[in-house]
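Good morning. I will take a few minutes to go through one model, with the sequence and the structure on the screen.

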Amino acid sequence: DTAVSQTPKYLVTQMGNDKSIKCEQNLGHDTMYWYKQDSKKFLKIMFSYNNKELIINETVPNRFSPKSPDKAHLNLHINSLELGDSAVYFCASSPGSGYTQYFGPGTRLTVL
Amino acid sequence: GENVEQHPSTLSVQEGDSAVIKCTYSDSASNYFPWYKQELGKGPQLIIDIRSNVGEKKDQRIAVTLNKTAKHFSLHITETQPEDSAVYFCAASRASGGSYIPTFGRGTSLIVHP
């Protein structure tokens with residue numbers, strides 16, 4: 001009965017590769033997000049989608065492309081991975097007009 | 001844009017003591033202030049929140065206060081227990097396009113010694 005799930009949990013890859021992280025929520029929420037948490041634990045929002053439509057793109061390089069096939073899924077595709085992309089990426093969701101965000105367990109991405 | 005300062009970065013207390021974490025924000029448009037607890041290897045989890053029309057909110061051992069004029073808000077944990085040990089994040093949020101966009105503080109690592 002996991003609320004927000006992400007796959008994979010760990011991702012190790014070489015510089016220059018393309019990778020995807022998947023996120024699914026079973027809460028019936030309208031809004032989903034992607035966050036990046038760096039090595040110093042700083043948590044910053046990257047994207048916000050409401051009903052499959054992009055709302056927020058917070059100064060993220062265009063190598064990052066979110067895709068929402070339906071309201072319950074928001075995947076993150078990253079092209080041409082760089083060393084600085086190494087971080088923990090969190091997916092979250094919230095009711096459309098609600099405040100509370102529910103976070104997934106995170107995906108630790110390591111770029112070598 | 002919004003800027004959130006959080007202090008202290010590390011807080012070490014004895015079991016049973018109180019812990020206080022303070023945050024300040026810069027954008028007067030922010031009107032929702034959640035606090036998250038992040039345990040090792042897990043995602044942040046909401047523990048309490050407050051909206052700008054309220055000055056104080058309490059939930060058992062946890063309380064949050066908000067001073068809109070001074071643009072600061074604080075988390076208070078009483079009777080701390082070892083399981084309270086975690087990283088705590090404050091956030092200041094504003095509405096945008098049907099959702100709330102938070103700016104997070106840099107976190108406080110709380111250590112409760114048994």
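Predicted model: local features only at pLDDT ≥ 70, side-chain atom pairs only at ≥ 80, totals over all residues.

Residues are numbered from 1 along each chain as its sequence is written, chains are lettered from A and ligands numbered from 1 in the order in which they are written, and side-chain values use heavy atoms, with hydrogens and water left out.

Now the interface. How many residues does the contact take from chain A and from chain B? There are 24 residues from chain A and 22 residues from chain B, where contact means heavy atoms within 4.5 Å. About 1900 Å² is buried between the two chains, and carbon and sulfur atoms give 58% of that. Buried area here is the accessible area, with a 1.4 Å probe, that two parts lose on being put together, summed over both. On the side of chain A, K41(A), F42(A) and Y99(A) supply 32% of the area that chain A buries against chain B, more than any other three residues.

Strand 4 (31–37), strand 5 (43–50) and strand 6 (53–57) of chain A are the elements that give two or more residues to this side. Strands are DSSP runs of E, at least two residues, numbered from the N terminus. The residues of chain A that touch chain B divide into 11 nonpolar, 10 polar and 3 charged. Between chain A and chain B the count is 0 salt bridges, a salt bridge being a side-chain nitrogen of Lys or Arg within 4 Å of a carboxyl oxygen of Asp or Glu.

Next, chain B. It has an open sheet of 5 strands in the order 1-3-8-7-6, with antiparallel pairing; two strands pair if DSSP finds at least two bridges between them. Strand 1 (4–7) and strand 6 (56–59) of chain B are at the edges with a single partner strand each, so one side of each has no neighbour in the sheet. Strand 6 and strand 7 (residues 62–67) of chain B pair over 4 bridges in the antiparallel sense, and D59(B) has I62(B) as its bridge partner in strand 7.

Elsewhere in chain B, strand 4 (residues 32–38) and strand 5 (residues 45–51) run antiparallel and are joined by 6 bridges. These two strands form a hairpin with 6 residues between them, and G41(B) in the turn has a positive phi of about 80°.

Chain A has an open sheet of 4 strands, order 1-3-8-7, also with antiparallel pairing. Its edge strands are strand 1 (4–7) and strand 7, each pairing on one side only. Strand 7 is joined to strand 8 of chain A by 5 bridges, and P66(A) stands opposite L76(A) in strand 8.

Last, some single residues. Over all chains there are 7 salt bridges. In one of them, the side chains of D30(A) and K71(A) meet at 2.8 Å, N to O. These two residues are 41 residues apart and link distant parts of the chain. M15(A) lies in the loop between strand 2 (10–13) and strand 3 of chain A. The C-alpha atoms of M15(A) and D30(A) are separated by 34 Å.

Conventions
Nonpolar A, V, L, I, M, F, W, Y, C, P; charged D, E, K, R; others polar.
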